[in-house]
Amino acid sequence: MSMPFYVPPEQVMKDRADFARKGIARGRSVIVLGYDKGIAFVAENPSRALHKVSEIYDRIAFAAVGRYNEFESLRVAGIRYADLRGYSYDRTDVTARALANSYAQTIGAVFTQEQKPFEIEIVVAEVGRTADGDQIFRLTYDGSVADEQGFVAMGGASDIAEQRLGQAWRPGLSLAEALRMAVDVLAAPAAAPGSAAQPGAAAAASPENPPRVIDASMLEVAVLDRERPRRTFRRVTGALLERLLSADDPTANAPTADESHPGHPEVLSGESEQTPPA
Amino acid sequence: MSSPAHGGTRRLDDAYLATGSASFTEFVGSFRPEMLPSGRVLPSGSSIDAPHGTTIVALVHDSGVVMAGDRRATMGNIIANRDMEKVFAADDYSVVGIAGTAGIAIELVRLYQVELEHYEKIEGAIMSLEGKANRLASMIRGNLGLAMQGLTVVPLYAGYDLDGDAGRIYSYDVTGGCYVEGGHHSIGSGSLFARGALKKLWRPGLTETQAVNVALEALYDAADDDSATGGPDLGRQIWPTVAVIDRTGSRFVADDVLESQVRQIVEARRGNPGGAR
């Protein structure tokens, strides 16, 4: 008769952490960074239907990497939590800090108690009235929370991406500058020495390895625009995104007016002048 | 368990994480039923005097729909409130006006606004106008128990149908019946008189300005003959609430525009109390 081997708790936690990290590192990265008029979310995501970035509440948004089904259920939970809180108190009483804490407790409990930890990493960001009031919380698979300043990169090769952002990012960027910076970081060759995201990978950075080309159609971009009243979340797509990403185009920020094209009021595509067929 | 009432930072309750519908009302109904008007039980056989909201009118025009409401709330023979708002934006493309017990009605409207926004965020799409009208019907249906004890709420719903490219009006009965109205409709205690006015003044193809004018005339007629409906108050500068919904969304008509239109109506009725015809 075989007896189960004793496995020390340190080893159990380490195995779980390694398992979660591997899962997260397989996915494409998401970058969240502040700009002069708000917070921008840039995800490499060719899907138009399965979002990695989503609105939670008036000034709060959610971004995630990893397993879609796992972060989707947390996204829905966050919207339920925020809407219930806003309904029972007031819209101004819904804060990213409280939501991040609840998420942290939930993810932490799953990490220690469930069969399998969440293979996800999420960001809960709240745009303030001024850039100083912006809050970006990053939550990892084990339930730890970090209050990040200015920018976050998550997902595959996030360490090297964070390093690059740390060198390039500064407060007061325009939206166009911030988006171009994020795309440059996403497009740069991923392999780097000692990348924690890929512990076993051959880690030779090859300078001759050219950056990938990422165009607007492969990106999911959204902003929390601090100057809008009430709901500040807007998706940026189409011609507007192409103009913002183009270094030659003078468009530097999202338009202040909303577009009137029906269906999705939160979308800014720069195509409002073309009225849809009646 | 973690709930907003406890403001806790404990883990999210399983109800938050459960796979479910995109309906906020259904979520609250299963998780915190006491927060819904329909989840409360009142002592039977008793009734209370609560403020009532009164007249709402809505009419279709060539680019959308207009909804207007007076500002008075009454409690028996007392005026409970002179400047109450009874027309609310439900979402970007629709408005809801309420008549009946004011407290319950306002609670239902708040719940309905969250319901629509909640769906929008979870699904990433706007509900169809028909779907929105049906959601409101089911919420009124849930209020039937309270209605039978005298706390009746009857809404009037108007929105822009983005698929059909037209403004539409939906009326409701107290049991949750939902009816599409052609052209125009009115609810509340002054609605008999407002409907008469609408019938005579409304015609297809009105412009937006004309439609706002017809709505103001109809409310004036309602206030003329119904003591529970408030007329425009020139002394206090209280004008009816008027919302306009078209392809670009819903918006409320500014006070200065209303003031000049109301003053014209009052002037035109001097020595001619029947008003426009």
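**Cavities and their linings**

Author: The largest cavity has a volume of about 50 Å³, where a cavity is a set of points, on a 1 Å grid over the protein atoms alone, at which a 1.4 Å probe fits but cannot get out. A volume is the space filled by probe spheres set on the points, which are joined across faces, edges and corners. This is a predicted model, in which local features need pLDDT of at least 70, side-chain atom pairs count only at pLDDT 80 or more, and totals for chains, interfaces and linings use all residues. Residues are numbered from 1 along each chain as its sequence is written, chains are lettered from A and ligands numbered from 1 in the order in which they are written, and side-chain values use heavy atoms, without hydrogens and water.

Reader: Which helix gives the most to the lining of the largest cavity?

Author: Lining residues have an atom within 4 Å of a point, and here they include B:Leu216, B:Tyr220 and B:Ile265. Helices are DSSP runs of H or I with at least four residues, and strands are runs of E with at least two, numbered from the N terminus. In chain B, α7 (208–225) and α8 (255–268) each supply at least two lining residues. The most, three residues, come from α7(B).

Definitions and conventions. On a 1 Å grid over the protein atoms alone, a cavity is a set of points where a 1.4 Å probe fits but cannot get out, and a pocket is an open set with protein on both sides within 12 Å along at least five of seven lines; lining residues have an atom within 4 Å of a point.
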